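Visitor: I am new to reading protein structures, and I would like to learn how to take one apart feature by feature. Could you guide me through the one shown here?

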Amino acid sequence: MSLSVHDRIELTPKESCNESLPDGPWEFDAAPGYGPGASEADPIPDPVTRPGQLPEEYRSLEEAELQRRIVAARETLGSRLVILGHFYQRDEVVQHADFVGDSFQLANAALTKPDAEHIVFCGVHFMAETADILSSADQQVILPNLAAGCSMADMADEDSVEEAWEDIAEVYGFDPEGAEPDAEGKLPVIPVTYMNSSAALKAFCGRHGGIVCTSSNAATVLEWAFERAHRVLFFPDQHLGRNTARAMGIGLEQMPMWNPREELGGHTAEELHQAKVLLWHGFCSVHRRFTVDQIEKARAEDPEVKVIVHPECPMPVVDAADASGSTDAITKFIAASSPGDTIAVGTEINMVNRLAADYPDRTIYCLDPVICPCSTMYRIHPGYLAWVLEELVAGRVENRISVPAEVADDAKVALDRMLAAKPR
Ligand code: SF4
């Protein structure tokens with residue numbers, strides 16, 4: 001687990017995908033969408049169920065004052081508190097984190113602090129849910145801004161997946177409430193959800209013999225699934241599913257994309273019978289910005305450049321890159337490079353800038369020339385962090401993420417299967 005705490009890094013004042021990004025998340029909170037970089041069509045969480053509105057006071061505080069108050073609250077709370085910071089968080093937040101990592105690393109990191117009553121998760125909603133599922137019952141998980149969702153996770157909602165499952169059950173002739181293995185001992189379909197999904201979908205997988213995967217272990221998880229089933233329904237990220245399955249030798253013609261807005265996902269029953277992987281129509285708004293043109297431009301400027309991208313990028317981008325891998329794999333790739341190397345990275349800008357600061361003897365830059373952080377991660381402004389910490393000092397818990405027991409139990413089944421799945 002590569003977890004460390006870093007100093008603050010300023011984003012370079014280059015062109016940004018939205019000029020107002022440096023001003024704070026306030027206007028995105030009020031806007032009917034997730035803001036630049038995310039799918040404008042995705043709904044934000046219902047304001048009625050978003051009680052944790054930031055008091056006005058915190059919006060106008062100078063950054064130095066916010067930082068001072070965060071540090072003071074941390075000191076007061078001491079070992080009762082653990083702060084987790086995702087790689088994609090801004091540095092003004094990450095510098096306060098006890099652990100920095102990807103979503104699964106952070107959920108596990110929380111387990112190393114069983115005495116911490118409060119786990120403040122500076123990430124997005126599905127990550128806080130997972131931490132709540134994996135943490136003990138007397139620990140409280142807090143998401144500083146409840147509007148910090150993930151547009152990709154929202155692309156597969158529980159109702160749409162349940163409807164798709166019923167259609168799929170009809171096509172393959174099984175009971176959607178519980179399929180029976182055939183003479184080979186295999187199920188017709190197993191659902192596999194990416195970690196970037198709601199707890200409800202992880203629970204769906206737990207109930208239907210399915211499993212969770214991360215971008216680090218997706219191939220191992222697909223192998224696990226194919227030992228138990230003839231096919232996989234993979235959601236929500238089509239790109240991770242496609243890139244992983246193709247690397248395992250599965251042809252594109254065996255990976256139809258399931259569009260939940262179309263009958264039978266947009267396919268005939270015959271086509272679906274040829275399928276090995278049904279790919280949900282979801283994507284990451286940050287990683288789909290990377291293009292083959294960007295890679296070609298980087299190589300035209302420096303033929304020696306090494307290119308590594310995240311597997312949430314579209315398949316042609318992964319194909320054109322020298323390597324692809326999870327945030328952890330990208331970190332290791334750069335650690336294994338040599339002083340003087342130039343590395344173009346296809347993942348979120350905050351992480352790339354942090355790697356560039358960690359390895360000043362190498363040239364490390366983001367493939368996307370436009371600065372476009374994950375706009376939902378960006379909603380964790382230091383003002384929200386200061387607020388929830390000061391509320392804890394005052395004995396009040398704001399923005400707690402608490403997964404209902406019946407959902408958490410099933411979701412944990414799918415998470416535990418992932419932990420038990422080992423590479424062959
Ligand atoms: S980077 Fe993409 S997948 Fe990750 S939280 Fe942001 S929108 Fe979701």
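Guide: Let us begin with an idea that we shall need several times: a residue counts as buried if 20 or more other C-beta atoms lie within 10 Å of its own. Please keep in mind throughout that this is a predicted model.

Visitor: With that cut-off, is His 310 buried or exposed?

Guide: His 310 has 27 other C-beta atoms within 10 Å, and therefore it is buried. It sits in the loop between strand 10 (306–309) and helix 14 (315–320), and, leaving out residues up to four places away in sequence, it touches Ser 215, His 287, Ser 324, Ile 330, Gly 346 and Thr 347.

Visitor: Which feature does UniProt place at His 310?

Guide: An unreviewed UniProt entry gives the feature "binding site" for a list of positions, among them His 86, Ser 103, Asn 196, Ser 215 and His 310. Of these, His 86 lies in strand 1, and with 28 other C-beta atoms within 10 Å it is buried. Beyond its neighbours up to four places away in sequence, the contacts of His 86 include Ser 103, Leu 106, Cys 122 and Met 377.

Visitor: Which cysteines does UniProt list under "binding site"?

Guide: The record, again an unreviewed entry, lists Cys 150, Cys 284 and Cys 374.

Visitor: Where do Cys 150 and Cys 374 lie?

Guide: Cys 150 belongs to the loop between strand 4 and helix 7 (151–154), while Cys 374 is found in the loop between strand 13 (363–366) and helix 17. Cys 150 counts as buried, with 25 C-beta neighbours inside 10 Å, and Cys 374 is buried with 29 other C-beta atoms within 10 Å. If we set aside residues up to four places away in sequence, Cys 150 touches Val 124, His 125, Phe 126, Asn 196 and Thr 376.

Visitor: How do helix 10 and helix 11 cross?

Guide: To compare two helices, one looks at the angle between their axes. Those of helix 10 (residues 218–228) and helix 11 come within 10 Å and cross at roughly 70°, and the two helices are therefore roughly perpendicular to each other. Where they meet, Ala 218, Ala 219 and Leu 222 in helix 10 face Leu 240, Thr 244, Ala 245 and Ala 247 in helix 11.

Visitor: In what order do the strands of the mixed sheet come?

Guide: That open sheet has five strands in the order 2-1-3-4-14, and its pairing is mixed. Its edges are strand 2 and strand 14 (400–401), each of which pairs on one side only. Strand 3 and strand 4 (residues 140–142) run parallel and are joined by three bridges, with Ile 119 standing opposite Val 141 in strand 4. Helix 6 packs on this sheet, touching strand 1, strand 3, strand 4 and strand 14.

Visitor: Why is helix 5 largely enclosed?

Guide: Seven of the nine residues of helix 5 (residues 103–111) are buried, so the rest of the structure largely encloses it. Among the elements covering those buried residues are strand 1 (81–86), strand 2 (99–101), strand 3 (118–122) and helix 6 (125–134).

Key
Residues numbered from 1 in each chain as written. Predicted model: local features only at pLDDT ≥ 70, side-chain atom pairs only at ≥ 80, totals over all residues. Buried ≥ 20, exposed ≤ 12 C-beta atoms within 10 Å, placed from the backbone. Helix = DSSP H or I, 4+ residues; strand = E, 2+ residues; numbered from the N terminus. Contact = placed C-beta atoms within 7 Å. UniProt positions renumbered as here; feature names shortened; annotations may be inferred. Axes fitted to C-alpha atoms, helices over the stretch in contact; angles between N-to-C directions. Parallel < 35°, antiparallel > 145°, perpendicular 65-115°, else oblique. Pairing = 2+ DSSP bridges.
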